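This report describes a protein model for a reader who is new to structural analysis. Please keep the sequence and the structure in view while reading.

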Amino acid sequence: MPEIQTYGKPDPKIPWKANAFNLHALPDDGAPKLHTLFHHLGPDPQKNIDTIVATTSEMLQGACSLYNRLDEKAKSLCARAACNLPPDFETEKQPQGHICYEETFKRQDKPVVIEEIAQTPYAQTDPNVAKYGLRSYLGFPVFAGNRTIGSLCVLDKKKRTFSAEEIDIIATLAKAVALEEVRLQKDRELEKRLTYEKMLLDISTQALFGEDTGRFLHGCLKIMGQNLNTGSLCIWKYHSKTDTLRNISKWMAMPIPLPKHRLEQIPARTIPGSIERFKQNQVISFPARGSLMDGREKDRLPTKSVKSILMVPLFVENRFYGLIEFQDYQACRKWQDADIDILRTAAQMIAKSIEHKRLEESVTAHTASLSRTNKRLKEEILERTHMIKLLEKKEMDLAKRKREREQSNTGLKILSKKKDNDIFQLEERVLRNVKQLVEPSVRRLKASGLNYTQAKWLGILENNLDDITSPMVQRLSSHFHNLTPTEIKVAGFIKLDKTKKETAELLGLSYRTIEVHRSNIRKKLGIRNRKINLRTHLLSIQ
C-alpha cells in the first residue's frame, strides 16, 4: 500500500489506499456533492475541469485550488484551471522548485500532504509560498495512461491536518480531471483527424479541379500549411544529372525575405543526411534547430527564426522525384508518427496527381500533335491526289508514245531485217562471184608458170581477196549453223544448182570430198536421212 507523503506530524489514524475511491465512505455531505457534480458535467471537457477545480475548493475549504499541467513542449508549468487565485498569481512558470512539480509530478499515484510548508525547502524554492502566505498543501497527481500530466491541489493560509476523507475527495476529483483530460485529448485527436481528413479531401479536390501542375502544387502547399499551422512549405525537385534540388513551389504563412538561392536551386549535399535516405523513402525530421546535422543546412535556412524542419520524400512513377519541406517558425515541433503517416499519404496523393498531370499534359500535347499531323496529312493527301491525276495523265501520254514507238520500232525492225537480208544476199553474191569467177582464174593463172615477180603479186592478190571474203564467210557461217568455210562454199554452189562434179572442179577438190561435205551440211541443218531437197531447204533458210 503506497504511503501518504506528508510534512509535519501526520495523524497515524488516517488510512488511505491507492485507487480506493469509494463515494459511500465520504462524509454525509461529500457524496451528494460529488454525485451532483458528476451529474452536471457537460460535453465540454475544459468547462468540466473548471467545475471540478471549483468543487475542490468548495469541498476542501482551502484558500484556493488549482489544476497545474506540465507543458512538455514549452517546458513550463501552467495553471489550466483555478479557483480563488490572487489576481497577480503567475499562471505559467518554470516547474523547478514548485511543490506541484517536485512532489506531485515525481511521485506516482501518491497524495502529497504538507501541513506546514514553512518547515520544508519549498518555503525558499517556491516563490508563491512567501508571496501569498501559503502554509498547507494537499495535492494528487493527474494521470493520462501511465504518465503524470498534472496535479490537482488545494492550498491554505493556515496550518491544516487533512483527513482521510479529504484525501479521498481530492483523489476522486483528480481522477475525474484525468477522465476529462482523456476526453479533451480524444476530442483534440478527433478534431485533428477531421482536420487531416478535410486536408486530404481538399488536396483531392485540388487535384481534380486544379489547372496546371504549378498552380496545383501551390494550392496543395497552401491547404497543408493552413491545416497544419506550419510556417512555410516548399517542394524541391531533384535533378540527378546536376545533383541539385530546385524549388518548384513554395507557400508561407507570413512573408519572410529569402535569399535568391532559396527561390531557385541548391546543391543536394546541403540537405542533411543524404539523398540516398530519401530514395529509401525515409522521412527526415529535426524538431529543433540545434539538432540539424550539418552546418551547411543551418546556412541554407532563410532566417534564424526557423525552429524545426520536417522533410517527406516524393515518389512519382516509383522514382524519387523530390521532397516536401515543412518549416516552423513559432516553436520547436516534434511530429508524431500519426502526423507523419498523414503527411506521407498527402505526399502520395500529390505524387499521384503529378503523374496524372503529366499524363494529361502528355495527352494534350499528343492530341495537339495528332491534330497537326492530321492537318498535314490532309494537305499531303490533297497534294498527292493532284499528283496522282498528273501522273495518270502522264502515264496516258507515255502509253500513247509507247504505242507510237512500238509501231515505229516494228517498221524499223522490218526495214532492218530487210536491210540485213539485202546485205546478206549482197555478201553471198560477192562471195559466190569471187569463188566462181575470180578464184578459178587465179588458180589457172598460178598454174600457168609465172615468174617470181608475177607470183609475188598474185600472192598479194590472193591475200587481199581472203581479207575481203573472210568477214563474209564468218557471217554466212553464223547464218548457216556454224558451217565451215568449205561447207559454206559447197552450200553456195548447191544453191546455184551446181552438180557435184562441177563443184569439185570449181573448188579443186575430189568428187568424194564434195559428197562428204554435202552429207555434213545435211547433218548440221538437221535434215540427214530425211527426204528433203538440200537446195530447196537452203533457199528456204535464206
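## Confidence in the model

The term pLDDT denotes the predictor's confidence in each residue, on a scale from 0 to 100. The structure shown is a predicted model. Its mean pLDDT is 81, and 85% of the residues of the protein reach 70 or more.

Among the elements of the protein, helix α2 has the highest mean pLDDT, 92, whereas strand β1 (residues 5-7) has the lowest, 44. Over residues 1-26 the pLDDT stays under 50, and for this stretch the model has 60 contacts beyond four places in sequence.

## The nonpolar cores

In soluble globular proteins, nonpolar side chains tend to be buried together. In this model, the largest nonpolar core has 32 residues. The residues with the most contacts inside this core are Ile-203, Met-224, Ile-324, Phe-326 and Ile-350. Two or more residues of the core are given by each of α6 (164-209), α7 (213-228), β8 (232-239), β12 (308-316), β13 (319-328) and α11 (337-446). Helix α11 supplies the largest share, eight residues.

Which residues surround Met-224, apart from its neighbours within four places in sequence? Met-224 is in contact with Met-199, Ile-203, Asn-229, Leu-233, Ile-324, Phe-326, Ala-346 and Ile-350.

## The packing of α2 and α6

Helix α2 (residues 45-60) packs with α6 at an angle of about 170°, and the two axes are 9 Å apart. Because angles over 145 degrees count as roughly antiparallel, α2 is roughly antiparallel to α6.

On the side of α2, the contact is made by Pro-45, Gln-46, Asn-48, Ile-49, Ile-52, Thr-56, Met-59 and Leu-60. Helix α6 contributes residues including Glu-166, Ile-169, Ile-170, Leu-173 and Asp-187. By class, this contact of α2 with α6 has eleven nonpolar, three polar and five charged residues.

## Two residues with positive phi

Gln-61 lies in the loop between α2 and β2 (64-71). Although Gln-61 is not a glycine, it has a positive phi of about 55°. Is Gln-61 buried or exposed? Its relative accessibility is 56%, so Gln-61 counts as exposed.

Asp-243 is found in the loop between β8 and β9 (244-252). The phi of Asp-243 is near 50°, a positive value in a residue other than glycine. With a relative accessible area of 37%, Asp-243 is partly exposed.

## Helices α14 and α15

The axes of helix α14 (residues 500-507) and α15 come within 9 Å and cross at roughly 110°. Since angles of 65 to 115 degrees count as roughly perpendicular, α14 is roughly perpendicular to α15. The contact is formed by Lys-500, Lys-501, Thr-503, Ala-504 and Leu-507 of α14 together with Tyr-511, Ile-514, Glu-515 and Arg-518 of α15. It has four nonpolar, one polar and four charged residues.

His-517 also belongs to helix α15 (residues 511-525). Its relative accessibility is 15%, and His-517 therefore counts as buried, the cut-off being under 20%. Apart from its neighbours within four places in sequence, His-517 is in contact with Thr-486, Glu-487, Val-490 and Leu-509.

Conventions: Residues are numbered from 1 along each chain as its sequence is written. This is a predicted model: local features need pLDDT of at least 70, side-chain atom pairs count only at pLDDT 80 or more; totals for chains, interfaces and linings use all residues. Side-chain values use heavy atoms; hydrogens and water are left out. A nonpolar core is a set of buried Ala, Val, Leu, Ile, Met, Phe, Trp, Tyr and Cys residues joined through side-chain atoms within 4.5 Å. Buried means under 20% relative accessible area, exposed over 50%, partly exposed in between (1.4 Å probe, protein chains only). Helices (H or I, at least four residues) and strands (E, at least two) are DSSP runs, numbered from the N terminus. Contact means heavy atoms within 4.5 Å. Axes are lines fitted to C-alpha atoms, for helices over the stretch in contact, and angles run from 0 to 180 degrees between N-to-C directions. Angles under 35 degrees count as roughly parallel, over 145 as roughly antiparallel, 65 to 115 as roughly perpendicular and the rest as oblique. Ala, Val, Leu, Ile, Met, Phe, Trp, Tyr, Cys and Pro count as nonpolar, Asp, Glu, Lys and Arg as charged, and the others, Gly among them, as polar.
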